[in-house]
Amino acid sequence: MSSPLRTPMPSSDQTHPNPQVRLSVEQASYVYAPNPSQAPLFTLEALSFHAKPGEIVAILGPNASGKSTLLKLISGALEPLSGRVFLNGFATHSLPPKIRAQRIALVQQESRLLFPSRAWEFVLQGRHAYGRRLHFESEEDINIAKNALAQVGASHLSDRWMDQISGGEKQRVILARALAQQPLLLLLDEPTLHLDIGAQVDLLDSLRHLAAVNRYTVIVVTHELNLVGEYADRVVLLQKGKCLRVGSPASVYQRELLEQVFQAPLTVEMTVAGRPRVTLLGKT
Amino acid sequence: MRPLTLGRLLLRCSFLAVILFVVVVIALKLGAVQVSLYGLGRDLIRVLLGQSSAISSDYGMIVVDIRLPRILLAIVVGASLSVAGAGFQALLRNPLADPYVLGVSSGAAVGSILALMLENQLALSPEFAGLITPLGAFLGAAITISGVYLLGRREGQMDSNTLLLGGVITMSFLQAIITFLMSTLAGGNLRGASFWLMGSLSTLPPKSLLYLVGIGFVVAAGAIYTTASDLNLLLAGEREAMHLGVDVPRVRIVVYVAASILTAFAVSVSGSIGYVGLLVPHAMRLLFGSDHRMLLPTSAFGGAIAVVIADTIARTVVAPSEISVGAVTALVGAPFFIYLLRRRLS
Amino acid sequence: MLVSSSISAARAAALFLVCLSSLRAQASSPATPPQPVTREVVDEVGRRVRIPVTISRIVSLAPSLTETLYTLGVQDRLVGDTVYCDYPPDAQKKVKVGGAIDPNLEQIAALHPDLVLLTKTLNRLDTVRALDRLGIPSYATDPHTVDQIISSTQKLATVLNVPDAGKSVADDMQRQLAVLNEKLGPLPPKRVLFIVWTEPLISVGKNTFIADALRKAGATSIVDSGQDWPQVSLEEVVHLQPDYLVFASSHSGAADNDFEALANRAGWRILDAVRDRRYAVISDAVNRPAPRIVSAIEDLARQLHPDAFPPALPRERRPAGSTEPLHPEQNPVTMRSMRLPGSTEFSCAR
């Protein structure tokens with residue numbers, strides 16, 4: 001198929017005893033208070049977990065549980081109040097913007113464009129992090145962008161206008177842009193919100209494949225219990241700013257725990273492959 | 001997949017440069033006084049070869065000493081306003097932004113009125129006298145720029161929406177001050193009112209000022225151009241741009257200061273000429289696309305062409321009298337703006 | 001580096017080269033013929049200017065100066081004037097260089113004047129500076145009183161090498177004013193409001209030549225302001241209750257309409273002068289600091305102090321369209337309705 005997208009590995013790993021670990025969140029916390037004199041609006045309490053290359057980690061929880069905040073800490077958009085977030089030994093927040101964009105790619109749900117652009121233009125934006133201050137895209141950039149579109153199965157959308165394609169197609173192009181960044185860490189914020197079930201499965205399948213082939217570390221923020229159960233290698237369960245458990249889906253999906261977090265009666269079964277499946281029960 | 005290449009950019013710019021050249025030649029030929037093309041060409045060549053003293057015709061002096069500086073001024077002003085307009089549209093992520101939306105021109109007007117009042121009190125030697133008003137305008141603009149920047153911050157960072165609000169409020173406030181000053185000044189100073197309302201290129205500036213504005217343009221426009229790739233991404237939203245590798249705070253400051261300087265310079269020598277900064281970038285987007293690496297240079301050329309044409313119309317249509325440049329740009333600009341709006345909506 | 005930036009830099013550099021060369025061109029004043037003998041004069045705003053001794057081509061940038069040139073008899077040397085220079089009618093035939101505020105520099109330069117005349121109040125400093133930069137000599141006048149108009153005219157005549165004509169005009173004007181002064185001397189001055197504009201209400205300041213003209217006509221402006229064109233409040237006017245309203249108009253019919261419109265407005269109705277229809281209309285010569293102002297002064301004096309001018313002599317030549325009362329005792333209202341036939345030609349104050 002298409003060649004894996006790779007960047008040279010960054011050098012320093014000395015701070016980490018385990019070279020296998022790529023992302024290390026260590027007792028990171030955050031407090032959001034617009035006014036120092038007022039009580040904080042939201043607190044994300046200190047939590048820790050690790051992620052390896054090729055892994056898919058799901059940040060799972062109901063609304064307002066702190067998922068987005070945690071994602072922002074991982075992406076380096078926010079600086080943790082305490083503790084640290086390390087990507088291959090570098091604190092994500094302190095990375096210069098260009099370097100950070102070469103290591104971390106964020107896929108958001110929607111992309112508002114002021115002036116319309118074509119899909120290929122959109123994907124090429126992912127190469128911005130690799131150019132000098134004012135540069136024109138090179139052959140290599142173009143090839144990488146083409147590659148990225150192919151990897152998400154959206155090559156046929158290359159010349160289409162972004163505001164004229166469907167939600168699912170747009171999602172793929174946005175993902176292609178992230179791939180064009182050749183990141184180590186691929187972050188997705190509620191990627192399945194606007195997708196139908198088939199598209200959701202397609203997306204997660206692609207992510208699993210890409211993580212394996214390109215050795216990405218994928219972090220997905222979501223509240224979709226069954227998708228997480230089926231595809232994630234590791235789950236970080238959050239509720240109201242607290243991390244309740246970290247581990248494989250099988251270990252995290254305990255009925256009492258899930259019922260408490262999601263406030264809904266449910267049952268948990270194990271499939272043949274060792275993956276948990278959650279069935280919601282109606283309130284009687 | 002055809003991304004922008006350097007070759008395409010140079011080609012488009014050369015094309016526009018040729019158009020600009022033709023427009024300039026026509027503008028040099030037209031005027032209250034008739035000039036022949038042959039004589040024009042001969043005199044211009046003499047000037048370029050440094051043999052200006054050989055120009056004996058009256059027309060030579062008119063062309064070289066009066067029309068040429070005026071046209072050069074029009075070029076710099078038009079280019080400055082258009083690049084500033086494109087910059088502000090990207091910075092504020094608002095297609096309706098123009099160089100004056102943040103109140104820079106009102107600040108310049110206040111500064112120049114105060115300078116005019118001061119000038120009447122002092123008796124200055126001729127070399128300085130001509131510079132007092134533009135200097136006052138520039139200082140007024142600079143103070144406004146700083147003030148609006150401070151107003152436009154949220155959580156210590158420049159925020160587009162807050163900036164826009166701050167700018168609009170500042171502009172209204174300054175307009176009120178202008179009205180107040182105008183109504184309390186002695187009659188003689190009221191003559192300047194139309195200059196600030198409608199813009200004018202008819203005052204022959206001292207050569208030093210022309211150089212200064214030109215250098216200012218090159219420096220400021222160059223600074224904005226270094227952020228051209230970043231601006232493409234900034235349009236998608238600041239969060240996204242940051243995650244794609246744009247140093248958002250740095251880009252914001254550079255564009256804000258550079259675009260404000262461009263506007264301040266333009267306004268201090270020519271008053272507020274409207275519609276150029278707003279519409280030329282849109283026209284260039286229609287023709288050449290939204291990529292800022294192409295948009296900024298083409299806007300510069302487009303603005304220069306537009307203002308030279310507008311100024312030529314302004315000074316020939318009712319010769320020997322003149323109408324103001326701003327009136328011409330408004331008359332042409334407003335219908336074009338309506339056309340653009342309808343295009344976007346359809 | 002950035003290619004596009006270097007392109008624009010190169011373009012800018014080319015343009016500046018042209019600029020630089022034109023700077024050199026200007027320094028050597030290429031267009032004027034070998035310099036005639038020049039002398040230095042000081043104009044009325046204190047500028048030291050070098051002007052040619054022989055001045056054969058003059059451009060006037062103010063209607064008052066155009067009129068003055070005609071009065072001095074040097075109109076043949078006038079090669080260009082503004083679109084507002086309408087008196088005498090012959091002035092309208094001269095080449096026009098635009099307005100007073102925004103004259104067309106090209107047109108002025110093309111006329112190759114030896115001297116450009118301007119006034120401080122009407123013209124702009126930027127115009128003077130531009131002319132300096134082009135190497136065209138300019139001379140500015142700035143009279144603030146009627147006496148200064150006379151002396152200004154004489155000085156100008158000297159600059160233009162017609163001192164005799166200047167003295168003659170000055171003497172005429174002084175004689176007429178002396179006669180007027182004799183007639184009006186013992187009489188108390190009428191308190192008037194000189195109306196420049198009604199919406200907003202603008203009058204003249206005490207330091208203007210118009211205010212001085214009013215004084216010479218046996219009137220005194222009720223507005224006591226240091227500004228040139230002060231805006232006055234109607235309340236203040238009502239409080240002061242002027243004896244007369246004074247309008248300046250090139251068209252007496254238009255002024256009458258103005259008054260009628262004004263008379264019906266609230267606030268204005270309270271004025272005694274409006275109720276009794278005590279208003280005077282004089283020609284707009286009063287707005288121009290030129291010799292013709294004396295005739296306007298005289299006209300105003302006649303309207304304000306009819307008793308001082310007994311109609312003993314047969315009708316003298318007086319300005320057409322004048323509303324000078326034929327029989328002073330008659331009701332002024334009927335006077336207004338008498339339109340004297342005639343052209344719009346005004347006679348000179350000779």
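Residues are numbered from 1 along each chain as its sequence is written, and chains are lettered from A in the order in which they are written. Because the model is predicted, local features need pLDDT of at least 70 and side-chain atom pairs count only at pLDDT 80 or more, while totals for chains, interfaces and linings use all residues.

**Stop 1: a helix in chain A**

Select residues 167–180 of chain A, which form helix α5. Helices here are DSSP runs (H or I, at least four residues) and strands are runs of E (at least two), numbered from the N terminus. Is α5(A) enclosed or open? Of its 14 residues, 11 are buried, so the helix is largely enclosed by the rest of the structure. Buried means that 20 or more other C-beta atoms, placed from the backbone, lie within 10 Å of the residue's own. Among the buried residues are A:Arg172, A:Ile174 and A:Leu179. Next, show α4 (139–151) and α6 (197–214) of chain A, which are among the elements that these buried residues pack against. Just after the helix, A:Gln182 takes a positive phi of about 50°.

**Stop 2: a sheet in chain C**

Select the strands of the open sheet in chain C, whose order is β9-β8-β10-β11 with parallel pairing. Two strands pair if DSSP finds at least two bridges between them. At the edges stand β9 (219–221) and β11 (279–282) of chain C, each with a single partner strand, so one side of each has no neighbour in the sheet. Now pick β10 (residues 244–248) of chain C, which four bridges join to β11(C). C:Phe247 stands opposite C:Val281 in β11(C).

Contact means C-beta atoms, placed from the backbone, within 7 Å.

**Stop 3: the nonpolar cores**

Select B:Leu262, B:Val307, C:Val246, C:Ile293 and C:Leu300, the residues with the most contacts inside the largest nonpolar core, which has 189 residues. A nonpolar core is a set of buried Ala, Val, Leu, Ile, Met, Phe, Trp, Tyr and Cys residues joined through C-beta atoms within 7 Å. Helix α3 (residues 58–91) of chain B gives this core its largest share, 21 residues. A second, separate core of 69 residues includes A:Ile56, A:Ala154, A:Leu204 and A:Ile219.

How values were computed. A residue is buried if 20 or more other C-beta atoms lie within 10 Å of its own, exposed if 12 or fewer, and partly exposed in between; C-beta atoms are placed from the backbone. The expected span of a helix is 1.5 Å times one less than its number of residues. Two residues are in contact if their C-beta atoms, placed from the backbone, lie within 7 Å.
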